[in-house]
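Okay, thanks for coming, everyone.

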Amino acid sequence: MKKWIEDLLELQTIDMRIRNMKMRLEMLPKEKISLEAELKKEESEIKSRSEHTKKTELAIKKAESSIAQVNDTIKKIQSNSSMVKKNNEYQAMMSEIAQNKAKISDFETEEITLLDELEKAKSELKEFEKQFQAKVRSIKENLSELQQMEGEVREEINRLIAERGLKENGISQDVIRLYSRLLKTAGDPLVKVNNDICGNCHLKLTPQTLAETRKGSVINCDNCQHLLYYAE
Ligand SMILES: [Zn+2]
């Protein structure tokens with residue numbers, strides 16, 4: 001294999017690593033945003049769960065005070081019972097007491113339902129809080145790992161850039177010019193010829209181009225312009 005090919009393959013290996021590292025670096029902010037959104041979602045879930053618990057507790061208190069109020073009303077009616085003389089007035093009073101007792105029964109039913117709901121909500125909240133703490137810990141760990149990774153990736157990119165500079169110096173300007181232009185496009189700038197086919201665009205090469213690659217000349221693909229090399 002010609003020296004320019006060996007050197008350029010080494011440079012390309014470094015450049016592909018730089019390309020991957022830069023892609024990784026571009027993904028990091030997105031990962032950070034998605035982790036932060038996850039954290040917010042967890043926090044809002046716990047907030048809505050504890051609000052629901054508080055609302056249920058308030059509704060229970062309200063039912064209890066309604067029961068007390070109706071009981072007072074019944075007592076008042078009963079304390080006035082000595083004033084009632086006529087039979088029809090007595091019937092009306094008894095009916096009023098019965099109506100109020102029915103109200104109490106409704107409030108008690110409501111309270112029982114609410115107490116069940118509260119118990120369920122509280123135990124769910126407790127379980128959720130346990131999971132929440134574990135989740136938050138894991139999200140925060142991931143966030144700090146991301147930050148550390150970002151620093152490491154930047155360092156690695158700088159190191160690779162210095163390394164590629166040294167490699168590039170050993171290669172002819174003409175080859176570097178062709179290579180640098182291709183480096184801005186997708187795929188490897190220098191590709192191997194496989195079964196008379198370009199390793200980048202996968203089209204068949206002309207016999208003339210193939211002959212040049214076998215000689216180790218600096219030659220482009222007839223179709224995609226990528227640099228070609230031949231290896232046994
Ligand atoms: Zn090609």
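So, what arrangement do the 4 donor atoms make around the zinc ion? Keep in mind that this is a predicted model. The angles those 4 donor atoms subtend run from 104 to 115°, which makes the arrangement tetrahedral. As for who the donors are, on the protein side we have the SG atoms of C198, C201, C221 and C224, lying 2.3 Å from the zinc ion. Read along the chain, the spacing goes C-x2-C-x19-C-x2-C. C198 sits in strand 2, residues 197–198, while C224 is in the loop between strand 3 (219–220) and strand 4 (227–229), so this pair ties together parts that are 26 residues apart in sequence. And are C198 and C224 buried or exposed? Both of them are buried.

Okay, over to the helices. With two packed helices, you describe them by the angle between their axes and the distance between the axes. Here we have helix 1, residues 3–79, and helix 2, residues 87–169; their axes come within 5 Å and cross at roughly 165°. Anything over 145 counts as roughly antiparallel, and helix 1 and helix 2 are therefore roughly antiparallel to each other. The crossing of the two is left-handed. If you look at what residues make up the contact of helix 1 with helix 2, you get 36 nonpolar, 35 charged and 10 polar.

I33 is exposed, at a relative accessible area of 56%. From I33 to L143 the C-alpha to C-alpha distance is 9.6 Å, and in sequence they are 110 residues apart.

Note on methods. Residues are numbered from 1 along each chain as its sequence is written. This is a predicted model: local features need pLDDT of at least 70, side-chain atom pairs count only at pLDDT 80 or more; totals for chains, interfaces and linings use all residues. Side-chain values use heavy atoms; hydrogens and water are left out. Axes are lines fitted to C-alpha atoms, for helices over the stretch in contact, and angles run from 0 to 180 degrees between N-to-C directions. Helices (H or I, at least four residues) and strands (E, at least two) are DSSP runs, numbered from the N terminus. Angles under 35 degrees count as roughly parallel, over 145 as roughly antiparallel, 65 to 115 as roughly perpendicular and the rest as oblique. A crossing is left-handed if the near helix is turned anticlockwise from the far one by less than a right angle, and right-handed if clockwise. Ala, Val, Leu, Ile, Met, Phe, Trp, Tyr, Cys and Pro count as nonpolar, Asp, Glu, Lys and Arg as charged, and the others, Gly among them, as polar. Donors are N, O and S atoms within 2.8 Å of the metal (3.2 Å for Na, K and Ca); water is not among the atoms, so sites may look incomplete. Four donors count as tetrahedral if all angles lie between 85 and 135 degrees; four count as square planar and six as octahedral if opposite donors are over 155 degrees apart and all others between 65 and 115; anything else is irregular. Buried means under 20% relative accessible area, exposed over 50%, partly exposed in between (1.4 Å probe, protein chains only).
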